[in-house]
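Subject: Structure handover

Hello,

Below is the structure I said I would pass on. My notes on its side chains follow it.

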Amino acid sequence: MNCLALWPEPVVRVQHLSDSGISVIPERYVKKPSERPSISESIDKEINIPVIDLQNMNSSDESLRRKTADLISAACREWGFFQVVNHGVSHQLMAETREVWRQFFQLPLELKQVYANSPATYEGYGSRVGIGKDISLDWGDYFFLHYLPMSVKDQNKWPSLPVSCRELVENYGEEVVKLGGKLMKIFSLTLGLSENHLEQAFGGEIGACLRTNYYPKCPQPDLTLGISPHSDPGGMTLLLPDENVPGLQVRHDNKWITVKPVPNAFIINIGDQIQVLTNANYKSVEHRVMVNSSKERVSLALFYNPRGDVLIKPVEELVTEEKPALYSPMTFDEYRVYIRTKGLSGKSQVESLKSLK
């Protein structure tokens with residue numbers, strides 16, 4: 001079946017628009033004035049999300065371990081974002097995986113179109129999210145694939161070119177999922193829970209999927225966005241950024257802060273499901289992506305999610321008389337349907353669950 005025919009209107013590849021040499025972007029990509037990026041507001045060399053050396057969690061110095069755990073806890077409570085270095089994932093594997101995806105997006109269009117996705121699952125090569133006609137579009141293409149559970153993993157849907165792609169993605173996914181498991185244990189302990197508590201609340205079997213983002217050069221970057229403001233609906237996101245071209249912005253104190261990537265670091269952000277489980281002690285924060293007029297960008301987002309059929313609700317140990325349960329129980333599958341049918345995005349997604357109490 002031709003997946004492109006399943007979309008409500010012809011799919012235009014943003015890379016094709018960029019390569020065509022246009023000087024004015026199509027109206028579909030122009031954001032409302034209130035939603036456009038403000039370069040002057042966002043660039044502040046003195047402000048960045050916290051950077052944490054994860055290796056210190058293995059130190060024989062108990063005070064150093066405690067200090068590092070406190071830094072992670074503070075980052076999750078105050079920012080919802082942080083960067084980790086010395087995380088255990090091979091720097092070479094990170095660089096090679098990012099580069100192989102860059103090479104994939106440079107392939108001729110007809111080779112990429114073999115993997116064109118459909119609105120049913122979004123798995124494969126895509127350029128839009130949402131099936132409504134005439135919706136506002138973002139300036140970027142992507143490739144989305146499932147990694148876990150094994151029942152939904154299908155390497156035949158992964159790119160066969162470049163030839164090293166499938167093997168690199170397999171190895172990369174395995175290592176980054178391990179890092180996600182480490183962080184889940186740390187989150188549990190910093191909340192005063194047993195180290196496996198959050199993992200068990202996820203259903204004991206996690207879901208993992210990878211979205212590789214490709215943001216082509218844009219002739220009018222001040223009018224559009226690579227990804228519009230949103231919070232991540234899942235559990236946690238582990239992002240490998242393009243460390244040479246900043247673009248990710250985080251909402252903090254009602255300002256957009258541009259994240260300055262640290263070499264060989266992962267950017268970690270809390271998703272809606274962990275905000276619910278922690279009864280809003282840890283925050284799922286709105287973020288967006290700027291584009292660039294002179295440089296393309298590639299980033300890899302691995303989403304670490306709960307099982308789709310397990311009820312997610314505030315952990316009993318984090319519910320008190322002073323802070324009762326803020327959210328109604330809902331499975332991750334139900335939540336995704338809920339926010340899609342309600343047309344919710346950004347901060348309003350998870351906060352809307354309070355109204356269901």
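The count of disulfides in this predicted model comes to 0. A disulfide is a covalent bond between the sulfur atoms of two cysteines.

Next, the nonpolar cores. The largest one has 65 residues, and those that touch the most other members are Phe 82, Trp 101, Leu 183, Phe 187, Met 236, Leu 238 and Phe 266. Helix H6, residues 165-190, gives the most to this core, with 11 residues. What does Met 236 touch, leaving out residues up to four places away in sequence? Its contacts include Leu 183, Met 184 and Phe 187, and also Ile 268, Ile 274, Leu 302 and Phe 303. There is also a second, separate core of 28 residues, with Leu 17, Tyr 29, Cys 218 and Val 291 among them.

On to charged side chains. Side chains of opposite charge can pair when their charged atoms come close. The count of salt bridges is 10. In one of these, Asp 242 pairs with Arg 102, with the closest N and O atoms 3.3 Å apart. Asp 242 is in the loop between strands S7 and S8, while Arg 102 is in helix H4, so this pair ties together parts that are 140 residues apart in sequence. Asp 242 and Arg 102 are both buried. They also belong to a network of salt bridges that links Glu 99, Arg 102, Asp 242 and Glu 296.

Glu 123 and Lys 157 meet in another salt bridge, at 3.5 Å from N to O. These two residues are 34 apart in the chain: Glu 123 is in the loop between helix H5 and strand S3, and Lys 157 is in the loop between strand S4 and H6.

Lys 153 forms a salt bridge with Glu 170, at 2.7 Å from N to O. Lys 153 lies in the loop between S4 and H6, and Glu 170 lies in helix H6, 17 residues apart. Lys 153 counts as buried, with 18% relative accessibility. The charged end of Lys 153 also sits over the ring of Tyr 147, 4.5 Å from the ring centre. Arg 211 lies over the face of Tyr 142, 4.2 Å from the ring centre.

Last, the aromatic rings. The whole structure has 15 aromatic pairs. Phe 104 and Tyr 125 make an edge-to-face pair, with centres 6.1 Å apart and planes at 85°. Phe 104 is in helix H4 and Tyr 125 in strand S3, so the pair ties together parts 21 residues apart in sequence. Both Phe 104 and Tyr 125 are buried. Tyr 172 and Phe 266 form a tilted pair, 6.4 Å centre to centre with 45° between the planes.

Regards

Methods
Residues numbered from 1 in each chain as written. Predicted model: local features only at pLDDT ≥ 70, side-chain atom pairs only at ≥ 80, totals over all residues. Heavy atoms only, no water. Disulfide = S-S within 2.5 Å. Core = buried A, V, L, I, M, F, W, Y, C linked by side-chain atoms within 4.5 Å. Buried < 20%, exposed > 50% of the residue type's maximum accessible area, 1.4 Å probe, protein only. Helix = DSSP H or I, 4+ residues; strand = E, 2+ residues; numbered from the N terminus. Contact = heavy atoms within 4.5 Å. Salt bridge = Lys/Arg side-chain N within 4 Å of Asp/Glu carboxyl O. Phe/Tyr/Trp six-rings, centres within 6.5 Å; stacked < 30°, edge-to-face > 60°. Lys NZ or Arg CZ within 6 Å of the ring centre and 35° of its normal.
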